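Dear colleague,

I am passing on the model below, and I would be glad if you could read the notes that follow with the coordinates open beside them.

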Amino acid sequence: MKLQGLRVVDLSLFLPGPLMTQFMADHGAEVIKIESLHAGEPNREIGAKRDGVSVYFANTHRGKKSLALNLKDPAGVEILLRLAARSDVLVEAFRPGVAERLGIGYRQVAARAPRIVYASIAAFGQSGPYRDLAAHDLATEAMAGVLSLNRGADGKPAIPALANADMLASMMTLAGVLMALYRRKETGKGDYLDMAMADSLLACLPNSMGTAMTERRQPVLGEERALGGNALYNIYETKDGDYIVLAGQEPKFARNLLEPLGRPDLVTLCELPPGPGQNPVREFLSIIFKEKNKTEWVEWFRGRDIAFAPMRTLPEVLEDPHFKARGMVLKDARGWDHLGVPIRFADEPARPDFAAPGHGQHTNDILRSLGYAESDIASLNATGVVRGA
């Protein structure tokens, strides 16, 4: 696998860091998750569980090892530094300044491990006026302007279903880490990544920044091509109270839709700029789509070259033959569902290991690999520096 032979130390919690390092584990990296002695990873206790294992934890920590470690004890810090010296990547997501106070900041780690690629993930990064603000995904989306674009039919901001800041920071950190590892082959030196969730959001807004950058004006959602201003890029309610989506604005799609529906006169309106000029099309479609149930519309669209999709629920997606064929919905030997690996290589594909580690399951084995004697391991467990299985 692509990352076989790499060792990753994961000090992060919740979603951005854990998902990023899970993708690395799926592709062969050895990922060692550092957990606190008592609480451990919060994902262990969030949401629905199967046989005592949360779905959230299973889909962010599969294939990893767990080292339960007290980083407030100097002996615990020494264990981490010794581990870092034998590793390639370290990921942390403490609030800015915490890692340094614990004695495991980049400079402290790099002094022992000059080849380490060290990534810090924070809501607003390690510098700037917002550096020390407490924030999870929603607050970050609000501060970066994304929430102002995510509005319901009533015009009020709505909580996004996807943790956009978390996910984008996760993927951008993965990209940055892999860039640094690639460069390290030439220089022999590691590097430090200062990754901010808010930065990741802003970098992904080029298609929404037009009026803001040219006029310092907030976009009017009903006049934006991808935010509701285009009749053929919109959500429509069906007779049974469900929803379908049109998602293609090209003229051919307008003809292929409106001519069979008996309104070829509306095709030219679809070529107008997004906004009020397309209102007659939007009004017609809002009426016509309420004349059939969603399943009836699915049949009507079948075989027609129109960018169309029915709105699916999550249980429906898990049974969808396409996502099963793509390997994005997988089952383990127990029959448990798992999310698949979206990074698909023709050669050396990912091989996800569905085993999620118990809290501190690998502590003693890792200490042995670092040269600790059995008596030392027993003492570290007894004095609360580590917690073994």
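Helices (H or I, at least four residues) and strands (E, at least two) are taken here as DSSP runs, numbered from the N terminus. This is a predicted model, in which local features need pLDDT of at least 70 and side-chain atom pairs count only at pLDDT 80 or more, while totals for chains, interfaces and linings use all residues. Residues are numbered from 1 along each chain as its sequence is written, and side-chain values use heavy atoms, with hydrogens and water left out.

The protein has 16 helices and 14 strands, and its C-alpha atoms fill a box of roughly 85 × 50 × 40 Å along the principal axes. Of its 389 residues, 44% count as buried, where buried means under 20% relative accessible area, exposed over 50%, and partly exposed in between (1.4 Å probe, protein chains only).

An open sheet is formed by 7 strands in the order E8-E7-E6-E1-E2-E5-E14, with mixed pairing; two strands pair if DSSP finds at least two bridges between them. E8 and E14 (386-387) stand at the edges with a single partner strand each, so one side of each has no neighbour in the sheet. Within the sheet, E1 (residues 7-10) and E2 (residues 30-35) run parallel and are joined by 4 bridges, and aspartate 10 has lysine 33 in E2 as its bridge partner.

Just after H7, glycine 188 takes a positive phi of about 75°.

Glycine 190 lies in the loop between H7 and E8 and counts as buried because its relative accessibility is 17%. Leaving aside neighbours within four places in sequence, glycine 190 is in contact (heavy atoms within 4.5 Å) with Tyr106, Pro114, Arg115, Ile116, Val117 and Arg184.

For the voids, a 1 Å grid over the protein atoms alone was used: a cavity is a set of points where a 1.4 Å probe fits but cannot get out, a pocket is an open set with protein on both sides within 12 Å along at least five of seven lines, and lining residues have an atom within 4 Å of a point. Grid points are joined across faces, edges and corners, and a volume is the space filled by probe spheres set on the points.

The largest pocket has a volume of about 1100 Å³, and of the 26 residues lining it, Val55, Asn59, Leu162, Leu314 and Leu339 are the closest to its centre. H1, H2 (55-58), H7, H13 (314-318) and E13 (337-339) each supply at least two residues of that lining.

With best wishes
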